[in-house]
Amino acid sequence: MSLINYLKNTNLYIFTFLIFVMLLTRGDHLLTSISLPDASFALFLIGGLLLKKPKWFISLFAFSVAIDLVTLSMNSAYQIPINLGYLGLLPSYGIMWFIGSRIANTKSFIKFTVCGVLATLIGFLISTQTYNLLSGTFPDITIKQSMQTGWEYLPQSFIYTMSYLMAYWGIQALLKRQFVSQKATI
């Protein structure tokens, strides 16, 4: 198998895994009433780390929208915020992907963590504010009130995203260590 085919297959496996995790977490309304917290922010940063190219970002973003549309069509009681405020997810996820692609070759846990924290905070701020200000859910909300409303959800969203990112870092570090030790014994 040529290197190019190997890389294409690897990227496809990574993308498939990201979709699977997104279904498990974002699709809580699709799967069960007991599900994992949303991992979308973390998945977009990890996607940027591993896949880098914009075509993968566009595909993952389209898939996240498709999950929401399918969920809405299956369960009208669940209200997904598909409205003008929903557009804020595009730059939010884009920032996560971009920062992930910029730190793709880092071996520094500190750099990974700091960039993950900054990306998560910026992404959360954009997505929350666009939803609060543009969705129509809060017609007379001021920017100050929107910031206060968003602040209520920040700790939970931040903890979930950073937990997924730390789990990713730990798993990939273990896999690298295992691969290196196996390679050394051969």
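A nonpolar core is a set of buried Ala, Val, Leu, Ile, Met, Phe, Trp, Tyr and Cys residues joined through side-chain atoms within 4.5 Å. Buried means under 20% relative accessible area, exposed means over 50%, and partly exposed lies in between, using a 1.4 Å probe and protein chains only. Keep both ideas at hand for this tour.

Before you click, note that this is a predicted model, where local features need pLDDT of at least 70 and side-chain atom pairs count only at pLDDT 80 or more, while totals for chains, interfaces and linings use all residues. Residues are numbered from 1 along each chain as its sequence is written, and side-chain values use heavy atoms, with hydrogens and water left out.

**Stop 1: the whole chain**

Show the cartoon. You will find seven helices and zero strands; helices (H or I, at least four residues) and strands (E, at least two) are DSSP runs, numbered from the N terminus. Of the 186 residues in the protein, 37% are buried. Now think about contacts, meaning heavy atoms within 4.5 Å. Among those between residues at least 6 apart in sequence, 71% join residues at least 24 apart.

**Stop 2: the core**

Which residues touch the most other members of the largest nonpolar core? Select Phe 44, Leu 45, Leu 60, Tyr 93, Trp 97, Phe 112 and Leu 165, out of 35 residues in that core. Two or more residues come from each of helix 1 (3-25), helix 3 (40-50), helix 4 (54-74), helix 5 (89-102), helix 6 (109-134) and helix 7 (143-185). Helix 3 gives the largest share, seven residues. In soluble globular proteins, nonpolar side chains tend to be buried together.

**Stop 3: helix 3**

Select 40-50, which is helix 3. Ten of its eleven residues are buried, among them Ser 40, Gly 47 and Gly 48. Next, centre on Phe 44. Beyond its neighbours within four places in sequence, Phe 44 is in contact with Met 22, Phe 57, Leu 60, Phe 61, Ser 64, Tyr 93, Met 96 and Trp 97.

**Stop 4: the rings**

The whole structure holds eleven aromatic pairs. Rings of Phe, Tyr and Trp (its six-membered ring) pair if their centres lie within 6.5 Å; planes under 30 degrees apart count as stacked, over 60 as edge-to-face and the rest as tilted. Phe 41 sits in helix 3 and Tyr 93 in helix 5, 52 residues apart. Both are buried.

**Stop 5: a loop residue**

Move to Lys 52, in the loop between helix 3 and helix 4. Is Lys 52 buried or partly exposed? At 39% relative accessibility, it counts as partly exposed. Lys 52 has a positive phi of about 65° although it is not a glycine. Most residues other than glycine have a negative phi.

**Stop 6: helix 4**

Finally, select 54-74, which is helix 4. Color Trp 56, Phe 57, Leu 60, Phe 61, Ser 64, Ile 67, Asp 68 and Thr 71, which are buried. Seen down the axis, the buried residues of helix 4 fall within an arc of 140° (taken from the directions from the helix axis to the C-beta atoms), so they line one face of the helix. On the other side, Pro 54, Lys 55, Ile 58, Ser 73 and Met 74 are exposed.
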